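Have the viewer open while you read.

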Amino acid sequence: MLETEIITKLILSAVLGMIIGLERQLHKKPAGLREHGLVCMGSALFTIVSLSFIGDASRIASGVVTGIGFLGAGTILHLKDKVVGLTTAAELWVVAAIGLAVGIGLYTIATITTILVLLMLVSGRYVEK
């Protein structure tokens, strides 16, 4: 894999993650622009590295999914009769998947998934009201 392709993947994954993170940050949610960008880019980088050394991204992908599960669990809080942070945990999980998709070169799928996440977040807010 050429370095320019790797750099492109890292930039794209960071941007896609940050787009989702910006929506969360504007609504003052626990994880925002930086966290989403870092999770997405980190997932892409793990995928790129795994493809470079072992050629099989599935083992790294399963590790990323597990790790993000723990990270997401840390965003869930139980407050009296309410549970908060479930949406943040779920979107961090999807952002990691977007990063994995970018890492293996599925740019269109990653971009469409980002758009779908934004549509769900925005429309969900209106439906819940």
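## Starting from one threonine

Thr113 lies in helix α5, where helices are DSSP runs of H or I with at least four residues, strands are DSSP runs of E with at least two, and both are numbered from the N terminus. Before going further: this is a predicted model, with local features needing pLDDT of at least 70 and side-chain atom pairs counting only at pLDDT 80 or more, while totals for chains, interfaces and linings use all residues. Residues are numbered from 1 along each chain as its sequence is written, and side-chain values use heavy atoms, with hydrogens and water left out.

Back to Thr113: its relative accessible area is 24%, so the residue counts as partly exposed. The cut-offs here are under 20% for buried and over 50% for exposed, with partly exposed in between (1.4 Å probe, protein chains only). Not counting residues up to four places away in sequence, Thr113 touches Val94 and Ile98, contact being heavy atoms within 4.5 Å. Thr113 and His36 are 77 residues apart along the chain, and their C-alpha atoms are separated by 14 Å.

## The whole chain

Zooming out, the protein chain has 5 helices and 2 strands. Read from the N terminus, the order is α-α-α-β-β-α-α. The radius of gyration is 15 Å, close to the 14 Å that the globule rule gives for 129 residues, so the chain is as compact as a globular protein of that length. That radius is taken over C-alpha atoms, and the rule is 2.2 Å times the number of residues to the power 0.38. Along its principal axes, the C-alpha trace spans about 50 × 25 × 20 Å.

Buried residues make up 33% of the 129 residues. Of the contacts between residues at least 6 apart in sequence, 63% join residues at least 24 apart. The accessible surface comes to about 7900 Å², and 71% of that belongs to carbon and sulfur atoms; the areas come from the Shrake-Rupley method with a 1.4 Å probe, and for residues only the protein chains shown count as cover.

As for charge, the mean positions of the 10 positive and 8 negative charges are 9 Å apart. Lys and Arg count as positive and Asp and Glu as negative, while His and the chain ends are not counted. Each charge is placed at NZ of Lys, CZ of Arg, CG of Asp or CD of Glu.

The expected span in the table is 1.5 Å times one less than the number of residues in the helix.

| Helix | Residues in helix | First to last C-alpha | Expected span |
|---|---|---|---|
| α1 | 24 residues | 34 Å | 34 Å |
| α2 | 21 residues | 30 Å | 30 Å |
| α4 | 18 residues | 26 Å | 26 Å |

What do the buried residues of α1 pack against? They pack against α2, α4 and α5 (107-128). Among the buried residues of α1 are Lys9, Glu23 and Arg24, along with Leu16 and Ile20. In α2 the buried set includes His36, Val39, Cys40 and Ile48. The buried residues of α4 include Glu91, Leu92, Val95, Ile98 and Gly103.

Trp93 is also found in α4. Leaving aside neighbours within four places in sequence, Trp93 is in contact with Val65 and Ile68. Trp93 and Cys40 are 53 residues apart in sequence and 9.4 Å apart in space, C-alpha to C-alpha.

## Loops and helix ends

Which residue follows α1 with a positive phi? That's Lys28, with phi near 55°, a positive value in a residue other than glycine. Lys28 is found in the loop between α1 (3-26) and α2 (33-53), and its 76% relative accessibility makes it exposed. After α4 comes Gly105, whose phi is also positive, near 95°.

Thr75 sits in another loop, between α3 (57-73) and β1 (77-79). Is Thr75 buried or exposed? Its relative accessible area is 15%, so Thr75 is buried. Leaving aside neighbours within four places in sequence, its contacts are Val84, Gly85, Thr88, Ala89 and Leu92. Thr75 and Ser13 are 62 residues apart in sequence, with 22 Å from C-alpha to C-alpha.
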